[in-house]
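Dear colleague,

Please find the structure below, followed by a short account of what was found in it.

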Amino acid sequence: MQLLHTEALVLRALDFGESDRIVRLLTPDRGRVTAIAKGAKRSQRRFPGTLDILNWLEVQIAPRRSAAGMVRLEHSRLKQAFEPLRAHTGRFAMSCYLIELLDRLAPEGGLPRDLTKLFTFAVDALTLIVRTKPDERLRTLLELRALAALGLCPEFRCCVRCGKEVETNGAVDFHVADGGLVCASCPRTADAPIAVHLGTLRLLEQSLHFEFSQLDRLVFQEHALREATLIVRRFEKFHLGVELRSDRFLREALQSESSKPFA
Ligand SMILES: [Zn+2]
């Protein structure tokens, strides 16, 4: 049988039965896949300490799916374990949140270009968390970049109803369900908009085009960060439909982090 050789990021992992392990992987070829590693708990040769969350792997997969929708993971080799993420509560919480978000929203299959972009985002994001103070700003920027990589980015520049570019010095209406800002000329709808400054939306739009490694240099004034956080969080919840399990862990970790100096 032809094996697929690819890379993968481990989004979830759990023991199964006596000796197997089931992993959810994000790959640049197939998007999100669920794989079973037969005999993983016995075989250090085929899966040498690799099947834990956040690990970046090279894998060999037998791509035909079982009746349970799983593929068989035949071999894996560790490329990077992102160790600094595990040794620091704030960074670990942020990484867990991010991979849970991807586990919920990443597609199973799709265009190679989109899947590669999503995988590259995931690796870049973990690399950025390793060397950046985990705070609300980083969380918001990463959530937005995650939504963009998933093809779910809101519209920040033009009215989502009439398509005109919005220019104003005051506040604008952002409609979560419509996917972006709505200009003053377009009719109101029943759902309550979020009033935000256009400057905040410009900053968020700008952050989408920033070189990933430079993202942590983007400066937000306090009110802009408050607005940006509100918009991105509401928009993300709208697509998720549920609160992520790691949300509370991340909130608590960031709270305790904000009282400490950067280390
Ligand atoms: Zn309009």
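Three strands, in the order β7-β6-β8, form an open sheet with antiparallel pairing; strands here are DSSP runs of E of at least two residues and helices are runs of H or I of at least four, numbered from the N terminus, and two strands pair if DSSP finds at least two bridges between them. The edge strands, β7 (180-182) and β8 (194-197), each pair on one side only. From one strand to the next the twist averages 50°.

This is a predicted model, in which local features need pLDDT of at least 70 and side-chain atom pairs count only at pLDDT 80 or more, while totals for chains, interfaces and linings use all residues. Residues are numbered from 1 along each chain as its sequence is written.

Strand β6 (residues 171-175) pairs with β8 in the antiparallel sense over four bridges, and V196 in β8 is the bridge partner of V172.

Two helices lie across strands of this sheet. Helix α5 (residues 198-209) lies across β6, β7 and β8 and runs at about 75° to β8. Helix α6 (residues 222-240) lies across β6 and β8, at about 135° to β8. Axes are lines fitted to C-alpha atoms, for helices over the stretch in contact (C-beta atoms, placed from the backbone, within 7 Å), and angles run from 0 to 180 degrees between N-to-C directions.

Overall, the protein has seven helices and eight strands. Its C-alpha trace spans about 65 × 45 × 30 Å along the principal axes. Contacts between residues 24 or more positions apart make up 63% of those with a separation of 6 or more.

Yours sincerely
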